[in-house]
Amino acid sequence: PGGLHPAEVFDTLPEPLQQCFISQDIEMIKKVLMEMKPEDARYHFDRCIASGLWNPNGPGDDGQKLE
């Protein structure tokens, strides 16, 4: 979606963050991000969103409304 390939982004994530995505544990993702330096957390999370690894609108929400 954002021009980044999900596998490439995933491979660049710190190991604890990779484990969060593998386990799909949202609470663990929040915890790991809070333990990182804010600029590092923002960098990695922005890349996750741009690659489609993370959907900020939640699962199944493509941002369009049903009519």
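Reply: Buried means under 20% relative accessible area, exposed means over 50%, and partly exposed is what lies in between. The model discussed here is predicted.

Me: How many helices and how many strands does the protein have?
Reply: From the N terminus on, the elements run α-α-α-α. The count for the protein is accordingly zero strands and four helices.

Me: What share of the 67 residues of the protein counts as buried?
Reply: The accessible surface of the protein comes to about 5,100 Å². Carbon and sulfur atoms hold 55% of that surface. Of the 67 residues, the share that counts as buried is 25%.

Me: What percentage of the contacts with a separation of 6 or more comes from residues 24 or more positions apart?
Reply: A contact requires heavy atoms within 4.5 Å. Among contacts in the protein with a separation of 6 or more, residues 24 or more positions apart account for 54%.

Me: Which residues of helix α3 are buried, and which elements are among those that cover them?
Reply: Helix α3 spans residues 26-35, and its buried residues are I29, V32 and L33. These three cover an arc of only 100° around the axis, which puts them on the same side of α3. An α-helix has 3.6 residues a turn, so residues three or four places apart point the same way. The cover over the buried residues I29, V32 and L33 includes α2 and α4.

Me: Which residues are exposed on the other side of α3?
Reply: To count as exposed, a residue needs a relative accessible area over 50%. On the other side of α3, the exposed residues are E27, K31, M34 and E35.

Me: Which residue caps the N-terminal end of α3?
Reply: The backbone nitrogen of E27 has a side-chain oxygen 3.1 Å away.

Me: What is phi of Q24, and is Q24 buried or exposed?
Reply: Q24 is found in the loop between α2 and α3. Its phi is a positive value in a residue other than glycine, near 55°. With a relative accessibility of 69%, Q24 counts as exposed.

Me: How is the pair of F21 and W54 oriented?
Reply: A pair of aromatic rings is described by the distance of the centres and the angle of the planes. The structure holds two aromatic pairs. In the pair of F21 and W54, the centres are 6.4 Å apart and the planes are 85° apart; with an angle over 60 degrees, the orientation is edge-to-face.

Me: Why does the pair of F21 and W54 tie together parts that are 33 residues apart in sequence?
Reply: The C-alpha atoms of W54 and F21 are separated by 9.0 Å. The pair ties together such parts because F21 lies in helix α2 (residues 15-23), whereas W54 lies in the segment after α4 (38-51).

Me: Is W54 buried or partly exposed, and which residues does W54 touch?
Reply: W54 has 22% relative accessibility and so counts as partly exposed, whereas F21 is buried at 14%. Not counting residues up to four places away in sequence, W54 touches F21, I26, I29, F45, C48 and I49.

Me: Which residues do the ring pairs link into a cluster?
Reply: The rings of F45 and W54 have their centres 5.4 Å apart and their planes at 50°, so this pair is tilted. F45 is buried, with a relative accessible area of 17%. The cluster linked by ring pairs comprises F21, F45 and W54.

Me: At what distance does the side chain of S51 reach the backbone oxygen of C48?
Reply: S51, found in helix α4, is buried with a relative accessible area of 1%. A polar atom of the side chain of S51 lies 3.4 Å from the backbone nitrogen of L53. To the backbone oxygen of C48, the distance from the side chain of S51 is 3.2 Å.

How values were computed. Residues are numbered from 1 along each chain as its sequence is written. This is a predicted model: local features need pLDDT of at least 70, side-chain atom pairs count only at pLDDT 80 or more; totals for chains, interfaces and linings use all residues. Side-chain values use heavy atoms; hydrogens and water are left out. Rings of Phe, Tyr and Trp (its six-membered ring) pair if their centres lie within 6.5 Å; planes under 30 degrees apart count as stacked, over 60 as edge-to-face and the rest as tilted. Helices (H or I, at least four residues) and strands (E, at least two) are DSSP runs, numbered from the N terminus. Buried means under 20% relative accessible area, exposed over 50%, partly exposed in between (1.4 Å probe, protein chains only). A polar contact is a pair of N or O atoms within 3.5 Å; within protein, one must be able to donate a hydrogen and the other to accept it, and residues adjacent in sequence count only if both atoms are side-chain atoms. The arc is that of the directions from the helix axis to the C-beta atoms. Accessible areas come from the Shrake-Rupley method with a 1.4 Å probe; for residues, only the protein chains shown count as cover.
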